[in-house]
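Me: I would like to go through the assignments in this model one by one. Please set each value against its definition.

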Amino acid sequence: MTINVFLDCEFTNFDQPKLISIALVTEDGKQSFYAELTDTYTLADCSEFVIENVLPLLDAQEFSLPENGGYSNVHSKMAFAQCSEYMKRWIDYLDEKVVIFNDAAHYDFTFLTEVLYDNWPAQLRKKCHQISARTIEGQERYENTTNEEFKNGFRQHHALDDAKVMIRAFRAMNRRHNAKFY
């Protein structure tokens, strides 16, 4: 069996990007991993845009292990090494083949690869599916859904919210085709 997981990241700038936060959300929205990195960047690394639009949204608490021992939903501040360890555990917890979907793979999947470089889960496919519409109509549905979700309470430029919105927009984009991609 295969599970689709949607990925989003926030980072410092486009010239020399450093990871700020990373989110993974299962397509059904029931399981998520969200980490705000504590040791990968400084304020001086951040663009004005990031300082004004990304950093104020950071809301994770200090890292702690989930009370129930499970890893279905992780939402914490953590160091890069912890992120690698606990993201791998989260993916292992899914116990299925995992396929990543993203709308900016050249940045986000690169960060995911860096986080898991020495700790790659066996069931995680080493390829990211770039989300792109096959038709103009599909692209319009994707963009319209994205815009509506951000108007209705999701925070744009927060990796966890962005990943959740990406799922909804992806579904809207593909609803006529009833497509499932692997």
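**Salt bridges and accessibility**

Reply: Arg 155 counts as partly exposed, its relative accessibility being 28%; the class lies between buried (under 20% relative accessible area) and exposed (over 50%), with a 1.4 Å probe and protein chains only. The model is predicted: local features need pLDDT of at least 70 and side-chain atom pairs count only at pLDDT 80 or more, while totals for chains, interfaces and linings use all residues. Residues are numbered from 1 along each chain as its sequence is written, and side-chain values use heavy atoms, without hydrogens and water.

Me: Why is the contact of Arg 155 with Asp 59 called a salt bridge?

Reply: A salt bridge requires a side-chain nitrogen of Lys or Arg within 4 Å of a carboxyl oxygen of Asp or Glu. The closest N and O atoms of Arg 155 and Asp 59 are 3.0 Å apart, so the pair qualifies. Arg 155 is in the loop between α4 and α5 and Asp 59 in the loop between α1 and β4 (61–62), so parts 96 residues apart in sequence are tied together. Helices (H or I, at least four residues) and strands (E, at least two) are DSSP runs, numbered from the N terminus.

Me: Which residues are linked with Arg 155 in a network of salt bridges?

Reply: Asp 59 and Asp 161 are linked with Arg 155 in that network.
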